[in-house]
Structure formats: structure tokens, C-alpha cells
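Please read the following briefing alongside the sequence and the coordinates. It begins with the chain as a whole and then turns to particular elements and residues.

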Amino acid sequence: MNKTIRRASVLTLLLVFALLVRATWVQFYEGQALADSKDNRRGAIETYAEPLGNIIVGGRSVTGSAPTEGGDLAYKRTYENGKLYAAVTGYASQAYAPTQLEGIYQDVLNGTDPRLKTVLDTVTGTRAEPGNVVTTIDPDVQQAGLDALGDTKGAAVAIDPKTGRILSVVSTPSYDPTSLTDANTAGEAWKKLTADPDKPLTNRALRQPLPPGSTFKLVVAAAALENGLYGSVDEKTDSPDPYTLPDTTTDLTNENPNAPCENATIRTALQYSCNNVFAKMAVDLGQDELRAMAEKFGFNDETQDVPVRAYTSVYPKDMNRSSTALTGIGQFDVTATPLLMAMVSAALANGGELVSPHMVSQVTDSGGDVLEDHTDADAKRIVSSSTADQLQSAMETVVEKGTGSNAQIAGATVGGKTGTAQHGENNSKTPYAWFTSYAKSDSSDKEVAVAVIVEQSDAARSEVSGNGLAAPVAKAMMEAALKG
């Protein structure tokens with residue numbers, strides 16, 4: 001063999017070796033990245049080769065699949081009453097990554113979850129029949145919430161205090177997930193939705209924490225009772241009116257200057273929503289004790305899954321005393337989701353125990369066999385039964401003859417707390433209207449806890465209040481839950 005042929009042979013062998021190395025690298029190290037790439041259509045082709053499994057609400061499927069016309073994706077996702085359930089289902093799109101329950105249970109719904117495979121599926125290598133996701137959502141409560149929120153920008157969550165079942169998750173304005181399912185039309189719909197200043201794709205119920213305002217006073221009151229700062233909700237507090245924020249010359253006043261807030265009891269302070277009482281109480285407790293109570297209810301929990309991951313509701317750290325005072329009225333850097341504030345009312349309504357909130361009861365295979373069962377959720381004690389009973393009594397006073405009168409329901413015992421949260425530079429923007437509450441039927445064992453925020457409405461600034469805007473929404477949802 002002459003020198004030229006020998007060199008060519010060596011070069012050829014090196015090239016072949018390089019190709020083998022590259023092929024091995026791609027197969028074993030870059031394969032998953034390539035499979036997950038948005039430019040790789042093989043995953044989408046496989047996902048939409050057959051109808052998807054379904055999400056079930058009230059015993060009926062609110063999702064479906066429909067054949068497409070042409071193209072390499074045989075089916076697309078469909079939704080029944082898409083706007084009603086968008087905050088629950090999310091969307092499964094040929095063009096975009098799935099969200100909410102569609103995303104969390106993607107493998108179950110497209111049949112790739114290993115738990116779905118039969119022996120025959122394993123032997124033949126075929127995809128299993130897809131499974132289904134059974135939710136805890138009550139369609140009547142969901143509809144009541146959407147109707148009551150109407151054209152406002154806001155959100156609401158309803159929970160069964162005894163079981164932790166989430167009965168409703170509403171976020172307005174909503175959107176129709178169907179507009180995003182077809183790859184041919186999803187792009188234009190996506191541009192329109194993402195450009196909308198009202199952010200309809202944002203799940204305000206679970207994923208937009210905002211200042212909770214005076215609804216947070218329930219947490220402060222719970223901390224005061226649990227830590228022995230006061231012995232009962234009817235004991236006089238040490239609360240000057242107006243209250244001068246510590247280390248400042250700023251007086252904290254009350255919305256109603258004629259309210260009997262000076263040295264008011266916790267019951268009276270909740271009834272009239274006295275800022276001076278709870279700001280002073282927060283300082284007297286100290287931020288560490290107040291944060292500890294807030295965290296028992298779920299604040300600062302970065303892993304709050306229902307099973308959709310909720311954004312963290314925050315009680316801050318490292319504050320001075322004046323800032324601590326402001327946290328006592330749900331301001332400064334305190335934020336909460338409607339989910340979290342519904343959890344506060346649910347725990348108090350349930351004698352001080354919080355049952356883990358969840359909006360999926362079961363995950364099943366195509367034949368109905370259960371893969372996951374969440375009907376027996378864990379519970380943890382947040383406050384003593386005595387504290388819970390006292391705060392229930394005080395919350396009922398708020399509704400019977402205080403700031404929450406618009407939540408009264410004939411034939412039910414209702415407790416609640418209003419909130420009006422300031423925001424914007426120098427509180428220049430329209431306040432948020434909050435209401436958190438519970439209702440217990442007088443003729444059955446049905447109970448429900450609800451939290452509502454109205455972020456923006458057509459009401460004049462002077463007319464924005466928890467009782468005026470949010471309490472009627474909560475009332476409609478509670479009535480639907482007690483009737484259902």
C-alpha cells in the first residue's frame with residue numbers, strides 16, 4: 001500500500017470514528033433535549049395521533065378531542081364551556097406547552113404515563129389508552145362565581161372546609177382555551193391574549209398574590225389569641241385611636257372615624273375593621289410571632305400544590321416596627337392569593353384544622369381504575385379549637401351587624417371579613433376589594449369557605465369596598481355550594 005492510499009485510509013477511519021462518536025453523543029446525551037425541542041414535531045405528532053383523555057367536572061367531561069382537517073396532527077383538544085373552566089383546565093395546545101391540569105397530567109391524558117400500560121402495551125410497544133382526571137370542582141359554584149364577578153377583573157376560590165375539596169377556581173377576565181388548541185390559528189390568538197392589558201391568561205385565583213388588606217386581620221387576631229396577648233375576642237385591647245406608628249409621627253386612622261375603635265375588643269375591631277387595633281397588636285406580638293402564625297396558615301410556602309403550583313403568599317422579614325404595624329392591616333409587603341385567604345377561613349370554620357386543599361379527587365385509567373386517590377387529604381392543626389370558635393363568633397358578628405352584611409344568607413350561619421387593600425405610589429391606584437368568609441347550612445351538614453378579590457371594577461374609588469364588591473360574589477358562591 002503506497003503512502004497516499006495509507007493516509008486516505010487513516011483519514012477515512014478517523015472520519016468514521018468521529019461520526020460514531022457524534023452519533024453516540026447525540027443519542028445518549030442530547031437525545032432528550034432534541035426530543036423536547038419546540039422545533040421537533042415528532043412529540044406533537046405522537047401526542048395528537050389519538051384522542052386525549054379528559055378532565056371531569058361534576059361527573060361530566062369538560063374536555064374532548066376532535067379530528068383535524070389535513071396536516072400531520074390527527075386530533076386537537078376541544079373544551080366545553082372553556083371560559084368557565086379555563087382557570088382549572090388550562091389548555092393543551094398543538095403549538096404551546098400545556099398549562100394547569102392539562103400540563104400537570106399531560107402524560108396521563110396522552111397515554112404515555114407508565115401506570116397506564118397493560119402487559120400487551122409493553123410487549124407491542126404501543127401507547128396505552130389515555131387516562132382521565134376527576135376534579136373536585138362543583139359546576140354550580142364555578143358558574144355562580146363567574147357570573148357574580150362578571151366584567152370585573154378579579155378572582156375567587158371556594159373550599160369545602162371539612163374535606164379540603166376545592167369547589168371553584170375562578171379568574172376574570174377569562175379566555176376560551178379552544179382558541180389556542182389548533183396550531184394553525186393559535187399564534188394569532190396567543191398574540192391577542194398576551195397583548196391584552198387585563199392579562200386573561202393569568203390565573204388570579206392561584207398565581208397572583210396581592211395585598212390582602214384587612215382580611216389579614218384574622219391572622220393577626222389568631223396570633224394574639226394563640227400567644228396569650230389577649231384571652232378572648234371580648235377582652236378590651238390596648239389600642240389608642242388614632243395610633244401613631246412606632247418611631248414616626250404618622251397617625252394611622254380608621255376608615256370610619258366614628259367607629260368605637262379606641263381600646264376595642266377583637267370582636268368590635270373586626271366588626272368595624274379598626275386599623276389601630278391590629279396595627280398595635282402586630283407590634284405588640286412582634287414580627288416573628290406574627291410570621292409564625294402566618295406560615296401556619298400557608299404564607300411563605302413555596303411548594304403549595306393543589307396540584308397546580310400556587311404562587312407564594314408572603315409575610316415579610318427584617319422589618320422595622322412601623323412596617324410591622326402596617327403588616328397588621330395586611331399592607332406593607334404582605335401579599336396573598338385568593339386561595340390562601342380561602343384557606344384561612346376554611347381552617348377557622350373547621351375548628352382550627354386545615355385540610356389540604358386540592359382540586360383533583362382521582363386520576364384514573366381509561367377503564368376507571370384509580371391510579372391516584374386524593375379523597376382523604378391530610379389535615380394539620382393551625383389554631384386551637386377555642387381560638388377557632390372565638391374567631392368564628394367574631395366573624396359572624398362582622399356579617400350580622402358589621403362591614404360584611406352583604407354576605408348574609410337566609411338559612412345559613414355566615415362569618416366573614418372584608419378588606420380594602422391600598423396599592424400604587426402613595427396609594428394612588430384603585431384599591432383592591434377583598435372578602436373572605438365561610439357559610440354553614442342550618443339544615444344540613446354542608447359548609448363552604450370562600451375568598452374573593454375584585455382587583456378592578458367600574459365602581460368609583462370612593463365606592464370600592466369588600467362589602468360592596470366582593471361580599472356579593474362570595475354570597476352567590478356560598479349559596480350555590482349549600483344548595484348543591
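The chain exposes about 21,800 Å², of which carbon and sulfur atoms supply 49%; accessible areas here come from the Shrake-Rupley method with a 1.4 Å probe, and for residues only the protein chains shown count as cover. This is a predicted model, in which local features need pLDDT of at least 70 and side-chain atom pairs count only at pLDDT 80 or more, whereas totals for chains, interfaces and linings use all residues. Residues are numbered from 1 along each chain as its sequence is written, and side-chain values use heavy atoms, with hydrogens and water left out.

**The chain overall**

- The secondary structure comes to 18 helices and 16 strands, where helices (H or I, at least four residues) and strands (E, at least two) are DSSP runs numbered from the N terminus.
- Taken along the principal axes, the C-alpha atoms fill a box of roughly 105 × 55 × 40 Å.
- Of the 484 residues in the chain, 50% are buried, a term that means under 20% relative accessible area, with exposed meaning over 50% and partly exposed lying in between (1.4 Å probe, protein chains only).
- Among contacts (heavy atoms within 4.5 Å) between residues at least 6 apart in sequence, 67% join residues at least 24 apart.
- The chain carries 41 positive and 59 negative charges, whose mean positions are 7 Å apart; Lys and Arg count as positive and Asp and Glu as negative, with His and the chain ends not counted, and the place of a charge is taken as NZ of Lys, CZ of Arg, CG of Asp or CD of Glu.

**Nonpolar cores**

- The largest nonpolar core has 120 residues, and within this core Phe 297 and Phe 299 touch the most other members; such a core is a set of buried Ala, Val, Leu, Ile, Met, Phe, Trp, Tyr and Cys residues joined through side-chain atoms within 4.5 Å.
- Helix H16 (residues 338-349) gives the most to this core, with 10 residues.
- A second, separate core of 12 residues includes Leu 52, Ala 86, Ala 92 and Leu 180.
- Not counting residues up to four places away in sequence, the contacts of Phe 299 include Phe 216, Val 219, Tyr 315, Leu 340 and Met 341.

- Helix H13 (residues 275-285) is mostly covered, with 10 of its 11 residues buried; among them are Asn 275, Lys 280 and Leu 285.
- The cover over the buried residues of H13 includes helix H11 (217-226), strand S8 (243-244), strand S9 (251-252), helix H12 (266-272), helix H14 (287-297) and helix H15 (321-327).
- Ala 325, which is found in helix H15, counts as buried because its relative accessibility is 0%.
- Ala 325 touches Ala 279, Ala 282 and Val 283, and its contacts also include Tyr 243, when residues up to four places away in sequence are not counted.
- After H13 comes Gly 286, whose phi is positive, near 90°.

**Sheet and hairpin**

- An open sheet of 5 strands has the order S2-S1-S5-S11-S12 with mixed pairing, and two strands are taken to pair if DSSP finds at least two bridges between them.
- The edge strands of this sheet are strand S2 (60-61) and S12, each of which pairs on one side only.
- Strand S1 (residues 55-57) and strand S5 (residues 132-135) run parallel and are joined by 2 bridges, with Val 134 in S5 as the bridge partner of Ile 56.
- Strand S11 (residues 360-364) pairs with strand S12 (residues 370-373) in the antiparallel sense over 3 bridges, and Val 363 stands opposite Glu 372 in S12.
- S11 and S12 form a hairpin with 5 residues between them, and Gly 368 in the turn has a positive phi of about 95°.

**Backbone geometry in loops**

- A cis peptide bond with omega of about 0° joins Thr 172 and Pro 173, and Pro 173 is found in the loop between S7 and H9.
- Another cis peptide bond, with omega of about 5°, joins Val 306 and Pro 307; Pro 307 is in the loop between H14 and H15.
- Asn 300 is also in the loop between H14 and H15, and has a positive phi of about 65° although it is not a glycine; Asn 300 counts as partly exposed because its relative accessible area is 24%.
- Asp 247, in the loop between S8 and S9, has a positive phi of about 65° although it is not a glycine, and counts as exposed because its relative accessibility is 66%.
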